[in-house]
Amino acid sequence: MEPVRHAVVDGRPGGALATGVQGDTPAAAARAWLSDNRQLFKLSSTKSLELVSSAPLAGDAGHAVTLRQTVGGLKASGGGLVTIGVKR
């Protein structure tokens, strides 16, 4: 089975930060993109990120995927949230 490919979108019509991001689900694609760009977010790893939500966007094939950083089972200060727009 061929992997599902997604685009990480930036909010502009047709705008994309990356295309061809692999993941069986929007959440998996968001994690893959974030892992590939972890230095940008000053993350040593994405293993401490828990899925908060993966919500479909109205009238679109996209999803808003929100992840939360935890440290030792505790939420990071300031919320530690990142939301990534993913479109198939």
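1. Start with helix α1, residues 26-36. Six of its residues are buried: Pro26, Ala27, Ala29, Ala30, Trp33 and Leu34. Buried means under 20% relative accessible area, exposed means over 50%, and partly exposed lies in between (1.4 Å probe, protein chains only). Why do these residues lie on the same side of α1? They cover an arc of only 160° around the axis, which puts them there. The arc is that of the directions from the helix axis to the C-beta atoms. An α-helix has 3.6 residues a turn, so residues three or four places apart point the same way.

2. A word on the source. This is a predicted model: local features need pLDDT of at least 70, side-chain atom pairs count only at pLDDT 80 or more, and totals for chains, interfaces and linings use all residues. Residues are numbered from 1 along each chain as its sequence is written, and side-chain values use heavy atoms, with hydrogens and water left out.

3. Now the overall layout. The protein chain has one helix and six strands. Their order from the N terminus is β-β-α-β-β-β-β. Helices (H or I, at least four residues) and strands (E, at least two) are DSSP runs, numbered from the N terminus. The chain has 88 residues, and 32% of them count as buried. It exposes about 5700 Å², with carbon and sulfur atoms supplying 53% of that area. Accessible areas come from the Shrake-Rupley method with a 1.4 Å probe; for residues, only the protein chains shown count as cover.

4. Next, the largest nonpolar core. A nonpolar core is a set of buried Ala, Val, Leu, Ile, Met, Phe, Trp, Tyr and Cys residues joined through side-chain atoms within 4.5 Å. This core has 14 residues, of which Trp33, Leu34, Val65, Leu67, Ile84 and Val86 touch the most other members. Two or more residues come from each of β2 (16-22), α1, β4 (62-71) and β6 (81-87). Which element gives the most to this core? Helix α1 does, with five residues. In soluble globular proteins, nonpolar side chains tend to be buried together.

5. Look at Leu34 in particular. Leu34 sits in helix α1 and is buried, at 1% relative accessible area. Contact means heavy atoms within 4.5 Å. Leaving aside neighbours within four places in sequence, Leu34 is in contact with Phe41, Leu43, Thr46, Leu49, Leu67, Val82 and Ile84. Take Ile84 from that list. Leu34 and Ile84 are 50 residues apart in sequence, and their C-alpha atoms are 8.6 Å apart.

6. Pro26 also belongs to helix α1. Its relative accessible area is 18%, so Pro26 is buried. Pro26 and Lys87 are 61 residues apart along the chain, yet their C-alpha atoms are separated by 7.6 Å. For the whole chain, take the contacts between residues at least 6 apart in sequence: 28% of them join residues at least 24 apart.

7. How many aromatic pairs does a search of the whole structure find? It finds one. Rings of Phe, Tyr and Trp (its six-membered ring) pair if their centres lie within 6.5 Å; planes under 30 degrees apart count as stacked, over 60 as edge-to-face and the rest as tilted. The rings of Trp33 and Phe41 have centres 6.0 Å apart and planes at 75°, so this pair is edge-to-face. Trp33 is buried at 10% relative accessible area, while Phe41 is partly exposed at 35%.

8. A salt bridge is a side-chain nitrogen of Lys or Arg within 4 Å of a carboxyl oxygen of Asp or Glu. Here Glu50 pairs with Arg68, and the closest N and O atoms are 3.7 Å apart. The pair links distant parts of the chain: Glu50 is in strand β3 and Arg68 in strand β4, 18 residues apart. Glu50 is partly exposed, at 35% relative accessibility. Arg68 is buried, at 17%. Not counting residues up to four places away in sequence, Arg68 touches Ser48, Leu49, Glu50, Val52, Lys75, Gly79, Gly80 and Leu81.

9. Finally, check Lys42. Its phi is near 55°, a positive value in a residue other than glycine. Most residues other than glycine have a negative phi. Lys42 is in the loop between α1 and β3 (49-56). Is Lys42 buried or exposed? Lys42 counts as exposed, at 78% relative accessibility.
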